[in-house]
Amino acid sequence: MTSEFAVEMRDVVKRFITPEGSEMAAVDHVTMQIKNGEFFSMLGSSGCGKTTSLRMIAGFEWPTEGEVFIEGKPMGHTPPFQRKVNTVFQSYALFQHMSVFQNVAFGLEMEGAAKDEIEKRVKRALEMVQLTGMERRRPKQLSGGQQQRVALARALVKTPDVLLLDEPLGALDLKLRKEMQLELKALQQQLGITFIYVTHDQEEALTMSDRIAVMSKGKVQQMGTPVEIYERPSNKFVADFIGESNFIEGKIKSLSGNEACVFVPSLNAELIGMPISDGLVKGEEVTVCIRPEKIHIAEKNAVNQNMFRATVTNTVYIGVDTKVFVDAHGAKLKVWEQNRISRLDPKSFYTVGQEIWLMLMPENTLVLKKD
Amino acid sequence: MLQRLRENKSTQGTLLALPTTVWLFILLIIPLFLTLVISFGKRSPDGNVIYTFTLNNYIRLSGYTTDCPDGQATCFDPLYLQILGRSLSLAFNTTALVIIMAYPLAYFIARAHPKQRNMFLFMVLIPLWTNFVIRVYAWMMLLRKEGAINIIIGWIANFLHIPFQPFEMLYTPGAVLVGMVYEFLPFMILPIFTSLEKIDTSLYEAAADLGANSIKTFLRVTLPLSMPGVVAGTILVFIPVMGTFIVSDILGGRQVILVGNLIQRQFLDARDPTFGSAASLILMIMTLIVTYFYTRKFGFGEEIVAA
Ligand SMILES: Nc1ncnc2c1ncn2[C@@H]1O[C@H](COP(=O)(O)OP(=O)(O)OP(=O)(O)O)[C@@H](O)[C@H]1O
Ligand SMILES: [Mg+2]
């Protein structure tokens, strides 16, 4: 290994000419460093440039600006068949005119491997994805999940340094998808290959990844571990995109060290001891961000700090949680309460119009620059 | 009664197949049967059919004849077998040449930018709007001794001070071949184009991803996946070439006589429908045999038909 990074994108820009004739940047100054053996995900909504980024790593597309490095080597215009990465395509892109065996053997034949070696390696790859006995079938004669495994085996049999996966589970039903998520993750750990995984499913990304790059409009919004991304979103977009958040507008009243006192006009209250990120100054307009499951509901004001009154406007029971929607001096907030006790008794729910107290723990909140 | 029909699946099937069956009967079975009956008949001196049962027409086709020059009872004249053989080999050659010419064209069109693609397809189709016969006549104008091709070559030769004798191109087997290839090229381009265009570009990318360069990608992915188009095109070209008489009539003159010409002349000039019918049936059987073996090996190009 010549480089600490399996793949590196350095300030990569990809512009397309739209049919209307104007230019648009599908990928806009993206820099990512993907470590060897890492399970790295690109997460973002449709059209944010995930596929385009992946295609530039695979070599199907060349950056307009910037450079892609694989194993520390600049790729320039190196064609795909000379890159030591392999792709699992979203639509699988299996060769319909070939059997499962031939599909998986294709990449080895291109390397000029000997016949018995091909047979051995194909057999092992098919074992790995649990498709033994399906060698002679045509892709059309397989279920979606099985086709997905063939696509996986076909890429893995080449023993790439890096495996690129473009929403590989997108076409599968929820249950199978969850199974495959765990299988893929186990396979990645067992093989020690770097996975670069594209998905728009945040739960999938959080479940599988070592690190996630959250993308929007061609830019990387935040890069970090699942915990960092969820617990410390670096901006309002990420906080809103990953999971759910309450946003409360406010203004920094005073600062002491890493903590701030934020005045919230809508609640007519001050939030004390709020941890802040760097670069915020006194008097600045900010957004206080808190996850619905991190707000505590109390029947009465016990602590007297960071507590304020609210009225219940609706409750929704969804099994695991009860979603409580409240109105706090005109600010609409949502609170998830875990159903730790049986809810069989209707009286265990808050009633609409009931007055309650909400408590924000400073360590559970986040003060972000207003955008 | 309706109630009973609703329950009886096999009656339903029969009823549903009825219109097709009627059409097939009127348009295919009856004419074919008439042809068969007539082919076993005899020609009356005034050119009508005398309905009997004789194999004379078929024997005549095979080359044995009682109409011998030096008083022999029977003799052998391979004329008709030669005509059949010539038709068959011309059909093979035409089909092969058309495939060789159509494939790169179809490939080029399929790979072109979508806007240009429509224009190219349009250009392929334009000639089909002109009458078939007129298009063949146009080739006559080109190929004649005083035709455009000879004139142009003559100019060039004159310019280069090379002595030039106009080529005899018209009324040769080559002229017929050129005409056939020209006439049937679109029928090969379109199905090949369709099958090429249907190939998902991600398959090319997958091949490249797995280490195939463009030549290997073509041989291992593009070509096999476009075979249904080639097969469909072959059927669309081979069968009509076997039977057509216009091209050979105009560009081959009396030199290149095909089964099609033979049949046409029996009906219109020689006024012997019995012999013409026999020749038609033999042509049909030959075409069927070739098509049968071909489709057994390659299928009907059904992916195209299904599309
Ligand atoms: N070949 C192309 N020509 C023009 N525009 C393109 C091309 N490929 C992608 N784009 C545009 O670039 C943007 C990013 O596309 P990309 O396929 O990378 O999105 P994505 O994040 O993979 O989305 P999805 O989740 O829907 O797959 C889109 O707006 C798309 O329309
Ligand atoms: Mg995509």
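Biologist: How much area do chain B and chain A bury between them?

Modeller: In this predicted model, 62% of the area that chain B and chain A bury between them lies on carbon and sulfur atoms. On the side of chain B, the residues that lose the most area to chain A are B:Asp209, B:Leu210 and B:Arg220, together 42% of what that side buries. The total that the two chains bury between them is about 1,700 Å².

Biologist: How many residues does the contact take from chain B and from chain A?

Modeller: A residue belongs to the contact when its heavy atoms come within 4.5 Å of the other chain. The contact takes 17 residues from chain B and 21 residues from chain A.

Biologist: How many salt bridges are there between chain B and chain A, and which residue of chain A pairs with B:Arg220?

Modeller: The count between the chains is two salt bridges. In the one formed by B:Arg220, the closest N and O atoms are 2.7 Å apart, a distance that falls within the cut-off of 4 Å. The partner of B:Arg220 is A:Glu109.

Biologist: Which helix of chain B gives the largest share of the side that touches chain A?

Modeller: Between the two chains there are seven residue pairs in polar contact, both residues being at pLDDT 80 or more. Helix H9 (201–209) and helix H10 (214–243) of chain B each supply at least two residues of the side that touches chain A. The largest share, seven residues, comes from H9(B).

Biologist: How do the residues on that side of chain B divide into nonpolar, polar and charged?

Modeller: The side in question is the one through which chain B touches chain A. Its residues divide into nine nonpolar, three polar and five charged.

Biologist: Turning to chain A, why is strand E20 largely enclosed, and which residue of E20(A) stands opposite A:Val288?

Modeller: Four of the five residues of strand E20 (residues 365–369) of chain A are buried, so this strand is largely enclosed by the rest of the structure. E20(A) pairs with strand E14 (residues 285–290) of chain A in the antiparallel sense, over five bridges. The residue of E20(A) opposite A:Val288 is A:Val367.

Biologist: Which residue just after helix H1 of chain A takes a positive phi?

Modeller: Helix H1 (residues 50–58) of chain A has seven of its nine residues buried, so it is largely enclosed by the rest of the structure. Among the buried residues of H1(A) are A:Leu54, A:Met56 and A:Ile57. Just after H1(A), a positive phi of about 100° is taken by A:Gly59.

Biologist: Is A:Gln181 buried or exposed, and with which side chain does the side chain of A:Gln181 make a polar contact?

Modeller: A:Gln181 is placed in helix H5 (residues 174–191) of chain A. Its relative accessibility is 5%, so A:Gln181 counts as buried, the cut-off being under 20%. Leaving aside residues up to four places away in sequence, A:Gln181 touches A:Leu169, A:Glu204, A:Thr207 and A:Met208. The polar contact, at 2.9 Å, is with the side chain of A:Glu204.

Biologist: How far apart in sequence are the parts that the salt bridge of A:Asp210 and A:Lys185 ties together?

Modeller: The side chains of A:Asp210 and A:Lys185 meet in a salt bridge at 3.3 Å, N to O. A:Asp210 lies in the loop between helix H6 (202–208) and strand E9 (211–216) of chain A, whereas A:Lys185 lies in helix H5 of chain A. A:Asp210 is partly exposed at 32% relative accessibility, and A:Lys185 is buried at 14%. The parts tied together are therefore 25 residues apart in sequence.

Definitions and conventions:
Residues are numbered from 1 along each chain as its sequence is written. Chains are lettered from A and ligands numbered from 1 in the order in which they are written. This is a predicted model: local features need pLDDT of at least 70, side-chain atom pairs count only at pLDDT 80 or more; totals for chains, interfaces and linings use all residues. Side-chain values use heavy atoms; hydrogens and water are left out. Buried area is the accessible area (1.4 Å probe) that two parts lose on being put together, summed over both. A polar contact is a pair of N or O atoms within 3.5 Å; within protein, one must be able to donate a hydrogen and the other to accept it, and residues adjacent in sequence count only if both atoms are side-chain atoms. Ala, Val, Leu, Ile, Met, Phe, Trp, Tyr, Cys and Pro count as nonpolar, Asp, Glu, Lys and Arg as charged, and the others, Gly among them, as polar. Buried means under 20% relative accessible area, exposed over 50%, partly exposed in between (1.4 Å probe, protein chains only). Two strands pair if DSSP finds at least two bridges between them.
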